Amino acid sequence: METISKSDITALILAGGQARRMNGKDKGLVLYKDQPLIAYVATAIRANVDSIWVSANKNIDLYQAFGEVVSDDLSDFQGPLAGIAAALSRIKTKYLLVLPCDGPYVEPILIKRLVDAMANNKVSLCVASEHQHLHPTFSLLNVCIKPVLDQYLASGERRLGQFFRDNQALEVDFSDHERMFVNFNTPEDLLEGASKNP
């Protein structure tokens, strides 16, 4: 069994989306209970990873407060896989932990369970699932997958979930932690979340 320590893991928080349903506001920087959404994610994982990077194509200076910012090399908004590929080209660790910027209820158990699954199985990709629903923006990748990902992107494909399915990603069950996958896509989601979690 492989041993994976925090020094082997770089975290990448995905903050490069267009946030159309958030009235065009940069979702990771939208305030939820007086903190940017991304701050909750960064706080939850900081103690268990070597470093935090942020995948962003705008507001670079603001995101630098949370980690090293990496922008993808593709034109327009090409989706999370482009950001993941850019990070895999630059990080020095063997593993990349991927998380979304709009999930304020991330818990350290996410890292532990993904790392344990990666260490105990001969796989390059581990992805969270909950009640058999895949959550590909919560995942752990071995950097050895980069050539396969580059080829996938070069073919014109951009579908994150499909990439994990095509490459035999190991699904890691988090059905006992379904709250972790609550994310905020609209201003209404923010209000509802605040009312349910005062």
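Q: In this predicted model, how many of the residues of helix 1 are buried?
A: Helix 1 spans residues 37-45, and its buried residues are Leu37, Ile38, Ala39, Tyr40, Val41, Ala42, Ala44 and Ile45. The helix is therefore mostly covered, where buried stands for under 20% relative accessible area, and the count of buried residues in helix 1 is 8 of 9.

Q: Which strands does helix 1 lie across, and at about what angle does helix 1 run to strand 1?
A: Helix 1 lies across strand 1, strand 4 and strand 6. Strand 1 is joined to strand 4 by 5 bridges and to strand 6 by 6 bridges, and both of these pairs run parallel. Against strand 1, the direction of helix 1 makes an angle of about 165°.

Q: What is the order of the strands in the open sheet?
A: The open sheet holds 7 strands with mixed pairing, and its edge strands, each pairing on one side only, are strand 5 (68-70) and strand 9 (170-173). Neighbouring strands of this sheet are turned against each other by 30° on average, direction ignored. Read across the sheet, the order is 5-4-1-6-8-7-9.

Q: Which residue in strand 8 stands opposite leucine 96?
A: Leucine 96 belongs to strand 6, where it stands opposite threonine 10, and strand 6 is joined to strand 1 by 6 bridges in a parallel pair. Strand 6 also pairs with strand 8, here in the antiparallel sense over 4 bridges, and leucine 97 stands opposite leucine 140 in strand 8. The residue of strand 8 opposite leucine 96 is leucine 141.

Q: Which residue in the turn between strand 7 and strand 8 has a positive phi?
A: Strand 7, residues 125-130, and strand 8 run antiparallel and are joined by 6 bridges, with alanine 128 opposite histidine 135 in strand 8. The two strands form a hairpin with 2 residues between them. The turn residue with a positive phi, of about 50°, is histidine 131.

Q: Which strands does helix 4 touch as it packs on the sheet, and what angle does its direction make with strand 8?
A: Helix 4, residues 109-120, packs on the sheet and touches strand 1, strand 6, strand 7, strand 8 and strand 9. Of these, strand 8, residues 133-142, is mostly covered, with 8 of its 10 residues buried. The direction of helix 4 makes with that of strand 8 an angle of about 65°.

Q: Are helix 3 and helix 5 parallel or oblique to each other?
A: Two packed helices are described by the angle between their axes and the distance between the axes. For helix 3 (residues 80-88) and helix 5 (residues 146-154) the angle is about 140° and the axes lie 10 Å apart, while the crossing is left-handed. Angles over 145 degrees would count as roughly antiparallel, and the two helices are therefore oblique.

Q: How many residues in the contact of helix 3 with helix 5 are nonpolar?
A: From helix 3 the contact takes in Leu81, Ala82, Ile84, Ala85 and Leu88, which meet Lys146, Leu149, Asp150, Tyr152 and Leu153 in helix 5. Among the contact residues there are no polar and 2 charged ones, and the number of nonpolar ones is 8.

Q: Is leucine 160 buried or exposed?
A: Leucine 160 is found in helix 6, residues 160-166, and, not counting residues up to four places away in sequence, touches Pro80, Leu81, Ile84, Pro136 and Thr137. Its C-alpha atom and that of alanine 82, 78 residues apart along the chain, are separated by 9.6 Å. Because its relative accessible area is 9%, leucine 160 is buried.

Methods:
Residues are numbered from 1 along each chain as its sequence is written. This is a predicted model: local features need pLDDT of at least 70, side-chain atom pairs count only at pLDDT 80 or more; totals for chains, interfaces and linings use all residues. Side-chain values use heavy atoms; hydrogens and water are left out. Two strands pair if DSSP finds at least two bridges between them. Axes are lines fitted to C-alpha atoms, for helices over the stretch in contact, and angles run from 0 to 180 degrees between N-to-C directions. Angles under 35 degrees count as roughly parallel, over 145 as roughly antiparallel, 65 to 115 as roughly perpendicular and the rest as oblique. A crossing is left-handed if the near helix is turned anticlockwise from the far one by less than a right angle, and right-handed if clockwise. Contact means heavy atoms within 4.5 Å. Ala, Val, Leu, Ile, Met, Phe, Trp, Tyr, Cys and Pro count as nonpolar, Asp, Glu, Lys and Arg as charged, and the others, Gly among them, as polar. Buried means under 20% relative accessible area, exposed over 50%, partly exposed in between (1.4 Å probe, protein chains only).
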